[in-house]
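Here is a short briefing on the fold and side-chain contacts of one protein model. Please keep the structure open while reading.

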Amino acid sequence: VTWQTEFPRRISNQSGEVSIVLMKGSLHKIALPNVLYIDVGKKTSALTKVDNVDVPDLCCFSLLTQNGSLDLQANSGLERDALVCCMSMVLDQVHERDWRTMYEESSSIVTSTVSSGQFASDMVEI
């Protein structure tokens, strides 16, 4: 999976007129085997922040990895569902084991470890 952020920037020309131009950030990549799970909706800490209150839950999903998440917003719920279905089919092909089960097993290990108080400081929030 490859993505690039875009952000608006105000640019003044020689006559002082200001226009807004979309600037592109650096190129990022996630190898498909590193995608562990797909969360549907606004479930990650980044998506549940107050800054994202206007972002509709219906349009959001996240690709979860061991290093964090790639949080995405589709244009509609239908588009989000189509993207999640396609990505799920790809992950079914990429992972030898059922990735849904692998994630559930790792989540229960993390939950039991945190609830018992061990290694809580070593946990990375996804």
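Contact here means heavy atoms within 4.5 Å. The model is predicted, so local features need pLDDT of at least 70 and side-chain atom pairs count only at pLDDT 80 or more, while totals for chains, interfaces and linings use all residues. Residues are numbered from 1 along each chain as its sequence is written, and side-chain values use heavy atoms, with hydrogens and water left out.

**Core**

- The largest nonpolar core holds twelve residues: Ile 30, Val 35, Tyr 37, Ile 38, Phe 61, Leu 63, Leu 64, Leu 70, Val 84, Met 87, Leu 91 and Trp 99.
- Strand S3 (37-40), strand S4 (60-65) and helix H1 (77-94) each give two or more residues to this core.
- A nonpolar core is a set of buried Ala, Val, Leu, Ile, Met, Phe, Trp, Tyr and Cys residues joined through side-chain atoms within 4.5 Å.
- Buried means under 20% relative accessible area, exposed means over 50%, and partly exposed lies in between (1.4 Å probe, protein chains only).
- Helices (H or I, at least four residues) and strands (E, at least two) are DSSP runs, numbered from the N terminus.

**Hairpin**

- Strand S1 (residues 2-12) and strand S2 (residues 18-29) run antiparallel and are joined by ten bridges.
- Two strands pair if DSSP finds at least two bridges between them.
- Ser 12 has Val 18 of S2 as its bridge partner.
- Five residues separate S1 and S2 in this hairpin, and Gly 16 in the turn has a positive phi of about 90°.

**Open sheet and helix**

- An open sheet of three strands has the order S3-S4-S5, with antiparallel pairing.
- S3 and strand S5 (68-73) are the edge strands; each has a single partner strand, so one side of each lacks a neighbour in the sheet.
- Neighbouring strands of this sheet are turned by 20° against each other on average, direction ignored.
- Four bridges link S3 and S4 in the antiparallel sense, and Tyr 37 has Leu 64 of S4 as its bridge partner.
- H1 lies across S3 and S4 and runs at about 165° to S3.
- Axes are lines fitted to C-alpha atoms, for helices over the stretch in contact, and angles run from 0 to 180 degrees between N-to-C directions.

**Ser 88**

- Ser 88 sits in helix H1 and is buried, at a relative accessible area of 11%.
- A polar atom of the Ser 88 side chain lies 2.8 Å from the backbone oxygen of Val 84.
- Apart from neighbours within four places in sequence, Ser 88 contacts Ile 38, Trp 99 and Arg 100.

**Salt bridges**

- The whole structure has three salt bridges, each a side-chain nitrogen of Lys or Arg within 4 Å of a carboxyl oxygen of Asp or Glu.
- Asp 81 pairs with Arg 80, with the closest N and O atoms 3.0 Å apart.
- Arg 80 is buried at 8% relative accessibility, whereas Asp 81 is partly exposed at 36%.
- Arg 100 forms a salt bridge with Asp 92 (2.9 Å, N to O) and another with Asp 98 (3.4 Å, N to O).
- These shared partners join Asp 92, Asp 98 and Arg 100 into one network.
- Arg 100 is partly exposed, with a relative accessible area of 31%.

Key:
A polar contact is a pair of N or O atoms within 3.5 Å; within protein, one must be able to donate a hydrogen and the other to accept it, and residues adjacent in sequence count only if both atoms are side-chain atoms.
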